[in-house]
Amino acid sequence: MSDPGKSSASASSATNTTTAATPAPGSDTYKGWLFKWTNYLKGYQRRWFVLSNGLLSYYRTQAEMAHTCRGTINLATAHIDTEDACNIVLSSGGRTYHLKASTEVERQKWVTALELAKAKAIRMMNDQSGSVRSLPSPQSVLPGHSQPLPVPVNNHSGNGLLMSFPMNSHSDDSGEEEPTSRSDRSELQGALKTLASKLDDLCTCNELIAKHGAALQRSLSELEALRVPLEGSEKIKAVNERATLFRITSNAMINACRDFLELAESHSRRWQRVLQHEREQRTHLEETIEQLAKQHNSLERAWREAPTHSTNTPDTPTTHTGVSERPRKEEASDEDEDTEYFDAMEDSPAFITVTATDPSQHRRSQSNLSGASGGQPSDWNLEDHSSPSYNDLSGKEVQPRRKRRTRIPDKPNYSLNLWSIMKNCIGKELSKIPMPVNFNEPLSMLQRLTEDLEYSELLDKAARCENSLEQMCLVAAFSVSSYSTTVHRTAKPFNPLLGETYELDRLEEFGYRSLCEQVSHHPPAAAHHVMSQRGWTLWQEITIASKFRGKYLSIMPLGAIHLQFHSSGNHYVWRKVTSTVHNIIVGKLWIDQSGDIDIVNHRTKETCQLKFSPYSYFSREVPRKVTGVVADSEGQAHYILSGTWDERMESAKIVQSSRGSSGAEGKQKTVYQTLSPRLLWKKYPLPENAENMYYFSSLALTLNEEEAAVSLTDSRLRPDQRLMEEGRWDEANTEKQRLEEKQRAVRRRREAEASNATDEGREYEGYQPLWFHQRMDPLTGETSFVYKGGYWEAKERQDWSMCPDIF
C-alpha cells in the first residue's frame, strides 16, 4: 500500500469542497463526498461514499450508484482508525482504505456513523450467524473480476435478503468503464413476481408441514395414551412439544415472508411517487431560476437606463422584499408604467398591494419625502435620510459618547462530539441539561434580552409621532429588529443564576437605563425594565420554554412585552415568536423565526398583525420574510408592512382597497393600492471579524465589558462567563460546574426550610426577587414581575448589602 501521507497537499487543495453528507449518523444510510487515496501519481481523489446496512461502498460520482460500484468494505470485520485531524483508515482483511474528510467536523460525523454502523452490523451478524455464514462476503470478489456482489438488505424483520449489484472491481482510476444496464421498472416488476412465486412455494410447503405436523402430533398423542414406561412417556411429550414449536416456527417464517413481500411492493410504489415528486420539484426549481434570471436582467437594464433613480429615490424597494420590477416601456404590459406590484400573500390576511404614484411625490423627490402619510406633513415623514445610517440617530450625538470596546478575544477552535452529548438529551428541558460552555456564547440570557434595545432609536422616533398609526409602524419595526441579531447566533447564552442581574446604563449616550433580573429558576424567567428620558418605558417578563427534538431545537418565549409612551399614553402589548435552531447533530446550524405577532394599542384599540414566514427550500418567497397590516380600531387597514427579520422593514400607506379573486387555496385576497413604501428600519452591518467573535453586533460586544460600580450580582462579574470570553474554556467549565452546584445547594436548603415550616404550621414565603415584585396585569389579566424601584438609588449610594452571594 502506498504511503498516503506524501500527497496530503493534493487533498488539502480540494478541502474547500464541502461534504454533502445526508441523514444523521445512526440512520440506515449515510452518504457524502470523501477523498480516497489512490496512488502516488494521483494522490487523494474525490469519491462519493455510501454507508448502508453495514457496508461502505464508493463511486466516482453519484450517478454511478445506479450501475458501477468501485469497491465495498464490510464494517462488521473492519478496523476503524484515525490518523490526523481529518484522516480515516479502514482495514478489513487485505483491503485498506485511506480516506480524508474536508474538515475535522465532517471527519467526526463520518467516524460516528461508521462506528454505529459497525456495531449494528456485528449485532445483526450475531443474530443471524446460522443463516449468513454461507453467504459470500464482499472480500470474496477477486481483484480483476467483475461479478454480482451479494448485499444483505435490512427488511425490518431481522432477516437478510440477497440482492445482487454488478460491481466493477478494476482499479479505482481505470480509464475504461463497462457500466451495466440500469434496472428499469419492468425488471423491478419481474423481481416482485419472482418473489411472489417463491412465496407461493413456501405457502405450499407450509401447508404440507402443517398437515404432516398435525398427523405427527395425533400419533404422538395416541402413543402417549398407551401404557408405556414413565421414561418413554416423557420422551414422547418432549417430541410432541418440539413438533408444536416446529409448526409455530414455520408459520412465523411464512408470515415474515408475506410481510416482506408486502413491504417490497409498498416501497416500490412509494419510491415511484418520490421519484415523480423530485422530478416535479426539479422542474419547479428550473422555472423559478429562469424567472429570477429574467427579473435580474430586467432590473439591470432598468438601472442602466435610469441611473438618476438611485439618487432621487433611496428607499425604492428591491426584489428581496417581494416587489417585482417596474414594467419597462418597451415591454408588453397591461398596466400603467407608474404602477408597481407586490407579491400576494396566500395566508390570512391575504392581500395584493399595488403601489400608485402620487403626483406630488415627484415634486418632493428632491427632499427625500416618503409620502407614507398620504402627503400630509408630519414629524414622521419630514425626516430626511441625510444621516449615514438608515436608522434615525437624531438626539444621540448631543452628548459625547463614551468609548466602548469594539472587539473581544477570538473564539478558540475547540472540537466537540455533538452526538455523544446530545443523544441523551432528546425530549428533555434544555435548562435542566448540564451543558459545557462549548455550546455557549460569552453572554447571559439577561444580556441577550437587553439586546432587544439594539435599535432603541426606533422608539425615540415613535415617541415623537403624533399619528398613532404611524407610531404603530415604528413599534412593529422595533419588534422585528430584535431578531436581526440572531441570524448567525446559534450558540446558547448562559442560563442566569437565580438572583443574577444585569444593568445597561446608557443614559448619557442613548437616554435610557435598563435592568434585568432572573426572578425564577424552574421555570427560568427573567424580568426586564427600561426607562427612557426620550418619552417611553418598556417592561417585560420572559419565560423560556425549550425542547430538543433530535434534528432541531425549539425555543418558545412566553410572556408579554409592554411599551408605553409618556406624552400620548399609548400602551402597546405583544409577544415573541418561536425560534428554531436546525441541524443540531448533522449539517451547518441555522436559525429560523416563525409565527405571528399581534401588536395591540390598548388605548386606541389599533392593531398590527405581523407574520413571520417559516423558511422552505422549495418556496418562491424571500427567505426570512415578514409581512403585516396595520389597522385602526374598526379593522380598516391603513399601512402594509413588508421586509425580512434579518435585514430591513418597510411600510406603505394604503390609499384604496378592494376585494380580489380567490387564491390557489380558495382564499379571497384583498387588493390594496398604496403609495411608495418607505424604509422604517435597516440592520447595522456587523463589526469587522465578527465571524471570529461569535457574530456579535456592535452593542453585543460592549455588553460584557467590565464596568465599575455595578451590583455584586451583575452578569459581568460571573467568573465562568468571563473565563470563556478570555478563551480559557477548560477553566470556564470547572467554574460553571461550581456555580451550578452552589445554586443547587441553596435550593436544597430552601426546600428544607419550606418543609420545616410546613411541619411547624408556619407560612414559608420562599424566594423573592430583589428588584421586582409580582403584580396582576390589568390589560392581559396575567400575573407578572414588574420593577418595584430602588436599584439605581442603591447604585448611587453604592450600597449592595442586600445582594445575595451567588458567585
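The predicted model holds 35 salt bridges, a salt bridge being a side-chain nitrogen of Lys or Arg within 4 Å of a carboxyl oxygen of Asp or Glu. Side chains of opposite charge can pair when their charged atoms come close. One of these bridges links the side chains of R648 and E650, with an N to O distance of 2.7 Å. Both R648 and E650 are buried, where buried denotes under 20% relative accessible area, exposed over 50%, and partly exposed the range in between (1.4 Å probe, protein chains only). A further salt bridge is formed by R762 and E760, whose closest N and O atoms are 2.7 Å apart. In this pair, R762 is partly exposed, at 46% relative accessible area, whereas E760 is exposed, at 54%. Salt bridges that share partners also join R404, R506, E509, E707, D714 and R716 into one network.

Within helix α15 (residues 729-759), R747 and E751 are separated by about one helical turn because they lie four residues apart. The two residues form a salt bridge in which the closest N and O atoms are 3.9 Å apart. R747 is partly exposed, with a relative accessible area of 32%, and E751 is likewise classed as partly exposed, at 49%.

Residues are numbered from 1 along each chain as its sequence is written. Because the model is predicted, local features need pLDDT of at least 70 and side-chain atom pairs count only at pLDDT 80 or more, while totals for chains, interfaces and linings use all residues; side-chain values use heavy atoms, with hydrogens and water left out.

The secondary structure of the protein chain comprises 16 helices and 30 strands; helices (H or I, at least four residues) and strands (E, at least two) are DSSP runs, numbered from the N terminus. Of the 807 residues in the chain, 45% are buried. The accessible surface comes to about 41,700 Å², and carbon and sulfur atoms account for 52% of this surface; accessible areas come from the Shrake-Rupley method with a 1.4 Å probe, and for residues only the protein chains shown count as cover. Among contacts between residues at least 6 apart in sequence, 58% join residues at least 24 apart, a contact being defined by heavy atoms within 4.5 Å.

The largest nonpolar core contains 72 residues. Such a core is a set of buried Ala, Val, Leu, Ile, Met, Phe, Trp, Tyr and Cys residues joined through side-chain atoms within 4.5 Å. The residues with the most contacts inside this core are W536, L563, W574, I599, L610, F612 and L641. Helix α11 (residues 468-481) gives the most to the core, contributing nine residues. A second, separate core has 20 residues, among them L34, I88, L90 and L114. With neighbours within four places in sequence left aside, the contacts of L610 include A476, S479 and V480, as well as I599, V626 and L641.

Strand β4 (residues 71-74) is covered on both faces: G71 and I73 on one side, and T72 and N74 on the other, are all buried. Strands β3 and β4 run antiparallel and are joined by four bridges, where pairing requires that DSSP find at least two bridges between two strands. Within this pairing, S57 stands opposite T72 in β4. The loop between β2 (43-52) and β3 (55-59) contains N53. This residue has a positive phi of about 55° although it is not a glycine, and N53 is partly exposed at 27% relative accessible area. A positive phi, near 65°, also occurs at N689, again a residue other than glycine, in the loop between β28 (678-682) and α13 (698-703).

R513 is found in strand β15 and is partly exposed, at 27% relative accessibility. Although R513 and W792 are 279 residues apart along the chain, their C-alpha atoms are separated by 9.1 Å. Beyond neighbours within four places in sequence, the contacts of R513 include L504, D505, H529 and W792. In the loop between β15 (512-520) and β16 (525-532) lies P523, which is joined to H522 by a cis peptide bond with omega of about 0°.

Y617 is exposed, with a relative accessible area of 56%, and lies in the loop between β23 (606-612) and β24 (625-631).
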